[in-house]
Amino acid sequence: MATSPSAEAPTAPGATAPRPFRVARRRRETKDTWTLELEPLQGDPLAAAPGQFTMLYAFGVGEVPISVSGDSTGPLVHTVRAVGAVTEAICRSKPGTVLGVRGPFGNPWPVGIDVGLDVVIVAGGIGLAPLRPVLYHVLARRDEYGGVALLYGTRTPADILYASELERWRGRFDLHVGVTVDSATAGWRGRVGVVPKLVAGASFDPASTIALVCGPELMMRFTARSLLERGVPADRIYVSLERNMRCGAGHCGHCQLGPTLICRDGPVYRYDEVAAFAEVPEL
Amino acid sequence: MIEPETLEALVVALRNRGYRVLGPTVREGAIVYDDVGSAAELPVGWTDSQDAGSYRLERRDDEARFGYAVGPHSWKQFLLPPRVRLWQAKRRNGGFEVEEEPLDDAPLAFLGVRSCELHAIAIQDTVFLEGRHVERDYAARRKDAFVVAVNCFEPGGACFCVSMGTGPKVGAGYDLALTEILEGGHRLLVEVGSERGGEVLDELPRSAPEDADLEGAERAVSGAATRMGRTLDATDLHGVLARNLEHERWDDVAERCLTCGNCTMVCPTCFCTSIEDVSDLAGESAERVRAWDSCFSLDYSHIHGGSVRRSGRSRYRQWLTHKFGTWHDQFGTSGCVGCGRCITWCPVGIDVTEELAAIRSNKEANDGDD
Ligand SMILES: Cc1cc2nc3c(=O)[nH]c(=O)nc-3n(C[C@H](O)[C@H](O)[C@H](O)COP(=O)(O)OP(=O)(O)OC[C@H]3O[C@@H](n4cnc5c(N)ncnc54)[C@H](O)[C@@H]3O)c2cc1C
Ligand code: SF4
Ligand code: SF4
């Protein structure tokens with residue numbers, strides 16, 4: 001070609017090759033889920049906004065997309081549920097182990113834009129991990145927001161993430177925490193039922209609320225429905241979606257959902273912009 | 001104007017400038033793109049006869065160098081090679097060190113690029129060079145590529161570039177463009193598209209074109225436009241497909257489609273890749289390979305709990321709606337350039353132009369575009 005199209009444009013650092021990060025701390029959350037704190041062997045810490053993700057590499061095993069789950073002003077933190085070869089290898093990584101990190105990729109939750117509103121955070125299962133940074137962000141500047149609610153559901157009490165932190169948050173007067181489980185086990189005295197049900201009972205002013213939702217797709221659909229029923233405007237409900245991802249950089253094609261590429265246009269979406277596609281089976 | 005024999009001087013001129021010259025050549029019953037050491041390796045006197053599910057080489061009764069349409073290869077073979085190692089890593093001090101693969105930026109010269117293929121390259125440029133992240137391997141290979149385009153005078157039985165607005169006449173994006181003229185003496189018109197293209201032409205023995213040459217060239221290309229093997233009504237395909245995600249034609253085509261992925265491999269714009277992470281047995285070194293992937297595989301959409309697109313129906317729908325519909329949303333153009341490869345190389349002869357026509361014939365779809 002006569003001209004060389006943007007071949008000189010900079011490639012984002014870490015877009016292709018993983019940067020080595022050492023596991024500084026590891027903490028078991030549940031039977032199959034661990035939280036890892038990572039620090040770079042060299043160079044600047046990784047700055048990621050709430051809702052963004054990295055591609056996390058276990059040496060010789062493989063690489064998967066994982067959301068940041070820590071405070072965006074602190075070190076890189078990931079919470080990982082072991083469901084297959086790569087996530088199992090990551091969860092087995094004791095302090096000192098070196099993992100590879102590419103990114104951050106994707107668009108963040110719209111926190112910081114809509115100050116003054118009530119904030120409703122609805123999470124299902126591991127979906128609390130990508131939302132925890134939002135909570136840190138909001139609590140650090142609590143005055144800027146109206147009411148803040150965290151509604152969280154898991155399958156059983158044993159699957160609850162960040163249990164001691166939730167306890168602490170539950171004790172705050174400026175934060176409403178609702179937790180529910182699909183099926184109770186002995187000793188559970190909390191609520192039983194699916195998360196969308198918590199939406200009906202939570203106190204917030206629907207007309208001036210922003211809702212952030214993450215969990216299994218079905219849970220997000222029902223939650224969005226409950227929020228809409230309460231009167232939350234469709235354009236103020238946000239969800240984070242998940243598809244297979246190989247590159248994170250918009251080049252591999254795997255994360256398509258209809259007209260969008262999740263790594264490029266998501267993973268955080270305004271619900272009304274993706275609802276129609278998310279509801280077509282197998283799209 | 002240059003003589004057909006002067007193509008040898010063109011190959012030499014490009015090689016002398018340090019280019020790896022790639023062009024059409026006959027291998028195992030097909031015209032493929034490969035290194036050409038000499039213009040004698042071009043498919044002199046060959047043509048390809050193409051139809052849905054069939055491809056055959058045939059002798060021409062002339063010595064045309066570019067008297068065929070397109071084969072199973074496209075230039076993506078060289079800009080986005082089927083397998084590329086991205087990096088290697090070695091364990092060190094309890095951690096590991098990653099070494100990115102040195103970039104292969106040996107300058108390439110493509111000899112014999114069709115108009116549809118120029119459009120396909122531009123489409124992949126958009127994907128790899130114009131987003132938030134630049135694909136460094138593609139960028140390195142693409143950067144200095146020298147393009148010798150050719151105007152088509154012998155379209156194939158599966159071609160429909162006229163319907164897609166991508167040919168047969170070469171528009172922009174070339175260094176040199178050739179038009180092969182057969183009537184009234186075998187010769188080629190050369191047009192210059194860049195400064196370095198002009199410099200290369202200056203080195204070749206040539207004559208100034210006369211009116212008869214220009215008219216002959218014009219007739220050759222305009223004739224091709226009237227002999228397309230296929231046509232497609234491309235009006236608002238984006239909208240037609242978006243409105244028909246549950247059309248019964250998806251069930252019908254799913255009965256025929258083998259989900260083999262051939263169509264995605266031969267398509268010059270299909271860009272999907274996967275990564276393969278491997279390590280040695282001792283776990284001391286590892287590497288990552290980027291390899292072509294296809295939306296027809298089950299793994300492609302695998303997430304924990306199973307694949308998103310389990311049925312063949314949903315995978316065919318993904319391919320067709322992406323190519324002709326959502327590509328517009330994602331990259332601002334159609335993902336199809338009308339080259340016909342997917343039609344020719346489909347083992348069961350599935351024809352995208354037929355499938356799209358069937359979907360459009362739905363009443364509902366027609367409501368949107370009268
Ligand atoms: C944007 C995003 C953020 C995520 N954040 C988190 C998080 O914070 N914590 C967490 O535990 N999980 C998260 N996931 C899911 C996580 O990526 C998968 O659980 C993981 O890829 C499973 O890989 P595996 O090899 O362990 O499992 P397997 O099921 O054995 O997967 C095999 C291969 O398929 C692919 N694959 C499988 N499932 C997924 C998937 N869900 N998404 C993408 N590729 C997949 C991977 O390439 C994987 O190597 C996130 C996914 C996305 C897309
Ligand atoms: S979809 Fe078929 S006709 Fe269109 S560019 Fe791809 S291979 Fe060619
Ligand atoms: S359309 Fe044809 S080439 Fe493509 S996957 Fe189906 S059978 Fe294979």
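Tutor: Buried area is the accessible area, taken with a 1.4 Å probe, that two parts lose on being put together, summed over both. Please keep in mind that this is a predicted model.

Student: Which domains is chain B divided into?

Tutor: Chain B consists of domain 1, residues 6–225, and domain 2, residues 237–366. Their C-alpha centres are 25 Å apart.

Student: How much area do domain 1 and domain 2 of chain B bury between them?

Tutor: Domain 1 and domain 2 of chain B bury about 3,500 Å² between them, and 60% of that lies on carbon and sulfur atoms. On the side of domain 1 of chain B, K76(B), I123(B) and F160(B) supply 17% of the area buried against domain 2, more than any other three residues.

Student: And how many residues are in contact?

Tutor: In chain B, 43 residues of domain 1 are in contact with 40 residues of domain 2.

Student: Let us turn to charges. How many salt bridges does the rule find across the interface?

Tutor: The rule finds 5 salt bridges between domain 1 and domain 2 of chain B. E287(B) forms a salt bridge with R85(B), with 3.0 Å between the closest N and O atoms.

Student: Which elements of domain 1 of chain B supply at least two residues of the side that touches domain 2?

Tutor: Among them are the strands β3 (46–51) and β5 (83–92) and the helix α3 (115–129) of chain B.

Student: How do the residues of that side of domain 1 of chain B divide into nonpolar, polar and charged?

Tutor: The side of domain 1 of chain B that touches domain 2 has 22 nonpolar, 12 polar and 9 charged residues.

Conventions: Residues numbered from 1 in each chain as written. Chains lettered and ligands numbered in written order. Predicted model: local features only at pLDDT ≥ 70, side-chain atom pairs only at ≥ 80, totals over all residues. Heavy atoms only, no water. Domains from an automatic or database assignment. Contact = heavy atoms within 4.5 Å. Salt bridge = Lys/Arg side-chain N within 4 Å of Asp/Glu carboxyl O. Helix = DSSP H or I, 4+ residues; strand = E, 2+ residues; numbered from the N terminus. Nonpolar A, V, L, I, M, F, W, Y, C, P; charged D, E, K, R; others polar.
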